[in-house]
Amino acid sequence: MTINEIQESIAEEFSQFDDWMQRYELLIDQGRELPAINPEKKVKDYLIEGCQSKVWLYPEFDGKVIRFTADSDAIITRGIVSLLIRVLSGHTPKEIMEADLYFIDKIGLRQNLSPTRSNGLLSMVKQMKLYAIAYDARESAREE
Amino acid sequence: MADISKIRSDFPILSEKVYGKDLVYLDNGATTQKPQVVIDTLNEVLTKYNANIHRGVHHLSDVASEAYEQARETVRAFINAASTDEIIFTSGTTASINNIAFSFGERFIGSGDEIIISALEHHANIVPWQMLCERKGSVLKVIPMDDNGNLLIDGYRRLLNPSTRIVAVTQASNSLGIVTPIDEIIEEAHSHGIPVLVDGAQGIQHGVVDVRAMDCDFYVFSGHKVYGPTGIGVLYGRRKFLDQIPPWQGGGDMVKSVTFAKTVYNDLPFKFEAGTTNFPAAIGLAAALRYLDETGREEVAAIEGGLLDYATGRLLAIKGVRIYGTGKRKIPVISFLIDGIHQYDAGMILDKMGIAVRTGTHCAQPVMDRLGIDGTIRASLCFYNTRDEIDRLAEGIQKVIEMFS
């Protein structure tokens, strides 16, 4: 699936619920499905700054696509990062760099997170894109 | 006994809805809501007599200056200072402490000298002193606390020595709610001739503060935590010290005469009020203090004591809830965690139920480190809260436990 197709299906899953409690429950369920991070990667190098809870994000690049694994000590944050991983993981650095993550607005995550909280969310997005930029630059350097 | 529905009707925001639910505001330690009289006062200043103070020859400037100086007198009376010369308006507690750390530091603190703070301090009463230590090569010492958040007086006594220049301690912990033994701390310091700064940010709103009875040398607080506007704070200083220490900031109004060769500083308290102060907020703060006095400060303390006991009982009755900070004397602040649930998760769900609490380290990271935790959920109450609201918090916690177990 393309990044936008995944975004659409997430938006559809969330649109079934009007009630914010139910949306949180869905987010919590998403958190439980988060691909497990290698425990050795839960170190300071992979810790994202700017979140109230701890978030570790680990990228792996196989020369074609980036796969992310992550963990957080807070379940709602796990849910948020698992959605981001669902959307971006397994795509090329270029696709990730260019992705417009409109699903965040569409499922009401942004409006429902206060600025400081959404900083956490935005820090995660920024970090994932930064990894994509770094891998992309490395690949271009190799091609030249 | 005060009429709680009357009190609540004085605060318009309390009838707001959040996500369609009645707001339960339990974040008073961060900032308090404003009574209508404060809102009206701000409005009145801005609509009727806004003009720069102490400068104009014109009517509006006179009215504003008069109201501003009247506000200073209201603050003086509220904390029972000896003179309005000892009341300096600042932008808040943080600015007040920075001012003293700089000015007192310039005059009295040198290399190898020691400053004592406590393990319970807010970052605002840690960082300015660390900056001073860096500047002067002085040393920061910390009064230790036990596992319940009570300061260890014996540990404090051991820290006092001939190199100690100042003691700066909070009146009550913002993160745990513990009231510190401030009288003992001051008495002990004074017996060694050492002055004491009291951080009253969490003390001023919960009872009667009398700086002369307390015998502190500096007392600081913020307007917005005592039902007044944001951007205004107070620095009380004993004249003996204010006369001796240099100003922190230079600018207009703090000078008598300025030439390129020499500047003569103004008299107290203006020496410490450089630039145009936030006079509308100062006048608003005075309205808040008058409101508290009319409600009755003993009455407020009694209501809050009752709410604290009730809330403590309700929370302890929930399996898995652990309260941090237990002592004989507390302000109505309850810091807690729920077994196996991250404070951020709990805070997010409580928010969705219209319950405003704070989660995290509460600008007191060393307290959390000392307790070996990442943060807590903090419910900070005040006299306009009700038992019904505490019941809603307890129900909210039950719901959080259901969702995350």
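Where chain A and chain B meet in this predicted model, 12 residues of chain A are in contact with 11 residues of chain B. On the chain B side, helix 12 makes the largest contribution, with five residues.

**The side of chain B that touches chain A**

- Three elements of chain B each supply at least two residues to this side: helix 12 (343-352), strand 16 (358-360) and helix 14 (387-404).
- Helix 12 of chain B, with its five residues, holds the largest share.
- By residue type, this side of chain B divides into six nonpolar residues, three polar ones and two charged ones.

**How chain A is built**

- Chain A contains six helices and two strands.
- Reading from the N terminus, the order of its elements is α-α-β-β-α-α-α-α.
- Chain A has a radius of gyration of 15 Å, close to the 15 Å that the globule rule gives for 144 residues, so chain A is as compact as a globular protein of that length.

- Taken along the principal axes, the C-alpha atoms of chain A fill a box of roughly 50 × 30 × 25 Å.
- Of its 144 residues, 38% count as buried.
- If you look at contacts in chain A between residues at least 6 apart in sequence, 64% of them join residues at least 24 apart.

Key: Residues numbered from 1 in each chain as written. Chains lettered and ligands numbered in written order. Predicted model: local features only at pLDDT ≥ 70, side-chain atom pairs only at ≥ 80, totals over all residues. Helix = DSSP H or I, 4+ residues; strand = E, 2+ residues; numbered from the N terminus. Rg over C-alpha atoms; globule rule 2.2 N^0.38 Å. Buried ≥ 20, exposed ≤ 12 C-beta atoms within 10 Å, placed from the backbone. Contact = placed C-beta atoms within 7 Å. Nonpolar A, V, L, I, M, F, W, Y, C, P; charged D, E, K, R; others polar.
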